[in-house]
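Welcome, and please take a moment to look over the model before reading on. The paragraphs below are meant to be read with the structure beside you.

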Amino acid sequence: IVNLDYTISSLTKARISAINGIDVNDYAKEKKLSENTFLFREQNLSTRATPYPKEQIVAGTWFSDDTTLFEASLETGFADRLKVGIGDTITFRTFGIDWTVTITSVRRVNFGTFKPNFFIILEPGAIAALPKTWVGAITTQTPTQTVQLKQQFAHNFPNALLIDIKKMAKKVLS
C-alpha cells in the first residue's frame, strides 16, 4: 500500500512520585489541587524530536542538546491542573525506580487530529531503557486500502491491535 499518512509513537507508563522534590500526596495538599485523580493515575509518556506542526509552544522552548537533564514538554491544561511550569521537576516511578525530568516547554495540543498525542512528551532517549508500547495512526485513502492494510497488519504483526477509528466512530454515532 502506498501513499499512507501515518504517525507512530512509543510510550511507556509511569506514576508521578514527586513534584519539585515534594511527595505527590504532600504536593496535592500543599497546592490544594481540587481535582487530583490525574496526579495519581498512571501516566502515558512518549518521546518526540519535534512538536507536531499543529502544536504551539506557549511557554519555554522545545528540547535542547543539554545532556545534564531529561527535558519534558507538558500540555497546557495538564500543566495548569498540576500547577507546574517551566523549570519545575516531575519525578516518575517505573518498576520502583525514581527518575526526574525538568519541564522546559508547555504546548497547546489539538487532540482532534487523531495523531498519538500525550499530556507529557519527553526528549528522545528519555525512555529508551524502559519497556514500551507502540501506538500509531494511519490514514488510508480508500476502503480498499483500509482492507488491504488490515490484512497486511494482521499477517505481519499478529500480536498487535488495529482499531479502525472511522468504523468505531460510525458505531458510536449511530
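What follows is a walk from the overall layout to the core, the strands, the rings and a few loop residues.

This is a predicted model, in which local features need pLDDT of at least 70 and side-chain atom pairs count only at pLDDT 80 or more, while totals for chains, interfaces and linings use all residues. Residues are numbered from 1 along each chain as its sequence is written, and side-chain values use heavy atoms, with hydrogens and water left out.

Let us begin with the whole protein. It has five helices and nine strands; here helices (H or I, at least four residues) and strands (E, at least two) are DSSP runs, numbered from the N terminus. Read from the N terminus on, the order of elements is β-β-α-α-β-β-β-α-β-β-β-β-α-α. Of the 174 residues, 37% are buried; buried means under 20% relative accessible area, exposed over 50%, and partly exposed in between, with a 1.4 Å probe and protein chains only. The accessible surface comes to about 10,700 Å², and 56% of this surface belongs to carbon and sulfur atoms. Such areas come from the Shrake-Rupley method with a 1.4 Å probe, and for residues only the protein chains shown count as cover. Among contacts (heavy atoms within 4.5 Å) with a separation of 6 or more, 72% are between residues 24 or more positions apart.

Now turn to the inside. A nonpolar core is a set of buried Ala, Val, Leu, Ile, Met, Phe, Trp, Tyr and Cys residues joined through side-chain atoms within 4.5 Å. The largest one here has 27 residues, and those that touch the most other members are Leu-39, Leu-74, Leu-82, Phe-92, Trp-99 and Leu-122. At least two residues of this core come from each of β1 (5-19), α1 (24-30), α2 (37-40), β5 (70-75), α3 (76-82), β6 (89-94), β7 (97-108) and β8 (120-122). The largest share, four residues, is supplied by β7. To see one member in its setting, find Leu-82: leaving aside residues up to four places away in sequence, Leu-82 touches Ile-16, Ile-19, Tyr-27, Leu-33, Phe-38, Leu-39, Leu-74 and Ile-90. Apart from this core lies another, of five residues, including Leu-11, Phe-63, Phe-118 and Ile-121.

The strand β5 deserves a look of its own. Five of its six residues are buried, so β5 is largely enclosed by the rest of the structure. Two strands pair if DSSP finds at least two bridges between them. With β7, β5 pairs in the parallel sense over six bridges, and with β8 it pairs in the antiparallel sense over three bridges.

Next come the aromatic rings. A pair of aromatic rings is described by the distance of the centres and the angle of the planes. Rings of Phe, Tyr and Trp (its six-membered ring) pair if their centres lie within 6.5 Å; planes under 30 degrees apart count as stacked, over 60 as edge-to-face and the rest as tilted. The structure holds four such pairs. One of them joins Trp-62 and Phe-63, a tilted pair at 4.4 Å centre to centre with 40° between the planes. Phe-92 and Trp-99 have ring centres 5.2 Å apart and planes at 35°, so this pair is tilted. Trp-62 and Phe-63 are both buried, and so are both Phe-92 and Trp-99.

Ring pairs also link Phe-38, Phe-78 and Phe-119 into a cluster. A charge sits over a ring if NZ of Lys or CZ of Arg is within 6 Å of the ring centre and within 35 degrees of the ring normal. Arg-81 lies over the face of Phe-38, at 5.4 Å from the ring centre, and also over the face of Phe-119, at 5.5 Å.

Finally, visit some loops. Most residues other than glycine have a negative phi. Asn-20, in the loop between β1 and β2 (22-23), has a positive phi near 50°. Its relative accessibility is 35%, so Asn-20 counts as partly exposed. Lys-32 lies in the loop between α1 and α2, and its phi is positive too, near 50°. Lys-32 is exposed because its relative accessible area is 67%. Asn-36 is also in the loop between α1 and α2; with a relative accessible area of 24%, Asn-36 is partly exposed. Asn-36 and Leu-82 are 46 residues apart in sequence and 8.1 Å apart in space, C-alpha to C-alpha.
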